[in-house]
Amino acid sequence: MGSNCSHCPLAHGFDSYWGMPVTNVQACAQKGEWMTQSSMLHFITDQWPASLVFRAALALLAISASLVLSGKLSSRAFFAQCALTFALLYTVYWVPSTIMLLNHKACVLYEGNAVIEQPVQLKYLTHRETHHAVRFIDEHARRADERPFFLYMAYTKVHTALFVADEREGLSAHGPYGDNVEEMDWSVGEILAALERHGLGDNTWVYMSSDNGPWRESRDEGGACGFAPGDSEHEMAGSKAQTWECGLRVPGIIRWRARYGRTGRVEHAATSNLDIFPTIAAIAGLPVPPHVSERAYAPAPAGIVDGRDLSPLLEARLPAGEPLHDFIFHYCDLTVSAVRHGRYKAHFATTKWEDERAHTCPSALVCKCAAVAHDPPLVFDIVADPAERRPIAPGSDAEADAAVARMREARARQEASVIGVPSQTERRPEVGNFPCCGFPHPGWRRILAVLLDRCGC
């Protein structure tokens, strides 16, 4: 939900809140390390837009040095210019390292709208999160009127920086990443056990999913895509923030024994996390907003959604062979860079990897999701070739060609319906909105505390 606001996190519709409002990143580790930077020099030389400022400053100094050599600029003026340039570069470095999520103290813990821990202590955070989730269930399950409740358990893991409790360290055969997965598995078990204790296990809709695939730039801490890393024949392409399957395919596990029964089954239909909202609305007996395809495009009016109610799929009411989604659109900002339609997937733009073998961009936090345009698009039979290794040549498969034509048309309609809004995640950081334990109210005292690094509790 972000830390760069003065009224988070209850402004987002929750009645109560306990947790981190921001992503766990490398800076949140106990050592307070940088995400990918180890020094000021590394940051200003490798990270955009800091690298642009750095290059411009070097060019300016080179010009000034030539003027000194030609006698057109005094040495005193040159050294003054060097000092100003260094001050500029330090400012470029200081802003993200102080009031953005590269700073250890940007990792905070909230209860309601109040910061209760800064910087956060990660080691036993999963245990504390689980405790509050179970307590929430206990409190609501005992209410006499038996009103339904909604618990959103946003785990801080599995994500860098990796962390586990002391007693769970080294238990997995898959190293630190495996330890983290197993600790999360324990937590899920504790939450489900709380439901069972109150007799709510059968009649509670439980959905577990992940947000994206592994972050390969973090190497061993980032996970892999279903196969052994380095197995180029089978491992899926791409990673987090990319529209290759490795960045998109995540588990979706659903349980509601009162409606779906106790016998588990696997559905191979493609769904989306955008389906959660209309599904819950349908289960709760609320009106389900119309799907975007059911309204006129150009641009789409308010009150429509991109997700679909999963109930027909979960209750086995879909006719054989009929997909829940006719099209699934994969975005890069406001651009639909890939489309899934039935068994086919078309890439209209893809990532340009710096490391082709590892599918990563070591000089950046993540690769740009749509750096290379494709016309005609790259097309794959995603059922037979989920690793996206064998593109289908245009004209070689009539069924695939027909699917691509439909995807082109649907993509154009979808993009025409999108109303652009300013990115909230890329807002200019504001010192006055930086969370500061001990200085809860905006004002000059809080700004001064942030600037002097006096926040913390």
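Select helix H11, residues 444-451, where Leu451 is found; helices here are DSSP runs of H or I with at least four residues, strands are runs of E with at least two, and both are numbered from the N terminus. The model is predicted, so local features need pLDDT of at least 70, side-chain atom pairs count only at pLDDT 80 or more, and totals for chains, interfaces and linings use all residues. Residues are numbered from 1 along each chain as its sequence is written, and side-chain values use heavy atoms, with hydrogens and water left out.

Leu451 counts as partly exposed because its relative accessibility is 42%; buried means under 20% relative accessible area, exposed over 50%, and partly exposed in between (1.4 Å probe, protein chains only).

Proceed to helix H10, residues 398-417. Its end C-alpha atoms are 29 Å apart, which agrees with the 28 Å that its 20 residues should span at 1.5 Å a residue (the expected span is 1.5 Å times one less than the number of residues). Colour Ala400, Ala403, Val404, Met407, Ala410, Arg411, Gln414 and Ser417, which are buried in H10. Viewed down the axis, the buried residues of H10 fall within an arc of 140°, so they line one face of the helix; the arc is that of the directions from the helix axis to the C-beta atoms. These buried residues pack against strands E6 (328-332), E7 (335-341), E8 (344-350) and E9 (372-381).

Next, select Ser239, in the loop between strand E4 (206-209) and helix H6 (245-248). Ser239 is buried, with a relative accessible area of 0%. Beyond its neighbours within four places in sequence, Ser239 is in contact (heavy atoms within 4.5 Å) with Pro214, Arg216, Glu217, Cys246, Gly247 and His359.

The last stop is Ala281, in helix H8 (residues 276-283). Ala281 is also buried, at a relative accessible area of 6%. Residues up to four places away in sequence aside, Ala281 touches Leu286, Pro287 and Val288.

Finally, display the whole protein: its secondary structure comes to eleven helices and nine strands, and 40% of its 457 residues count as buried.
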